[in-house]
Amino acid sequence: MKTRAAELKAAARGGRGAKKAAADEAAVLSAIAAMAEPDRALAERVHAIVTDAAPELAPKLWYGQPAYAKAGKVVCFFRSGQGDKERYSTLGFSVEANLDEDDGMWPTAYALTKLTEAGEAAIRKLVQKAVR
């Protein structure tokens, strides 16, 4: 919670427009760079995939982890497994993501231990669906 409170304070004094967007992206890249391997490599790939697949999403920190927002609301996020002392990292989607299925049930988080080409393609497809 302290991390989130610090993020909100920084956002309040972080400026507007392009200056804020650049500061937010720099903060995300800094958080990724501070991660231990293999989470750093996973986070770098997820960041590249998300920013390429949905350029309308803005990178920002969310509870100290990389997240991607549309109109200020987080759509998807990456959680470091090592940072959480878990055996895998997570790619998650918030309630803002448009992933609803007709049967009333759909996954909102995915465990990540490595990324294959098929995994990267699945992430790209999910992110594109989430922002529709």
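Modeller: Of the 25 residues in the largest nonpolar core, Leu57, Phe93 and Val127 touch the most other members. A nonpolar core here is a set of buried Ala, Val, Leu, Ile, Met, Phe, Trp, Tyr and Cys residues joined through side-chain atoms within 4.5 Å. Buried stands for under 20% relative accessible area, exposed for over 50%, and partly exposed for what lies in between, with a 1.4 Å probe and protein chains only. Two or more residues of this core come from each of H2, helix H3 (39–53), S3, S4 and H4. H3 gives the largest share, six residues. Helices (H or I, at least four residues) and strands (E, at least two) are DSSP runs, numbered from the N terminus. In soluble globular proteins, nonpolar side chains tend to be buried together.

This is a predicted model, in which local features need pLDDT of at least 70 and side-chain atom pairs count only at pLDDT 80 or more, while totals for chains, interfaces and linings use all residues. Residues are numbered from 1 along each chain as its sequence is written, and side-chain values use heavy atoms, with hydrogens and water left out.

Leu57 is in contact (heavy atoms within 4.5 Å) with Val50, Tyr68, Ala69, Lys70, Val75, Cys76, Val127 and Val131, leaving aside its neighbours within four places in sequence. One of these, Tyr68 in S2, stands opposite Pro59. S1 and strand S2 (residues 65–70) run antiparallel and are joined by five bridges.

Both strands belong to an open sheet of five, in the order S1-S2-S3-S4-S5, with antiparallel pairing; two strands pair if DSSP finds at least two bridges between them. Strand S1 (58–62) and strand S5 (109–112) are the edges, each pairing on one side only. From one strand to the next the twist averages 25 degrees. Axes are lines fitted to C-alpha atoms, for helices over the stretch in contact, and angles run from 0 to 180 degrees between N-to-C directions.

Helix H2 (residues 17–33) lies across S1 and S2 and runs at about 60 degrees to S1. Helix H4 (residues 117–130) packs on the sheet, where it touches strand S3 (73–79), strand S4 (89–93) and S5, and its direction makes about 25 degrees with that of S4.

For the protein chain as a whole, the pattern along the sequence is α-α-α-β-β-β-β-β-α, and 34% of its 132 residues are buried.
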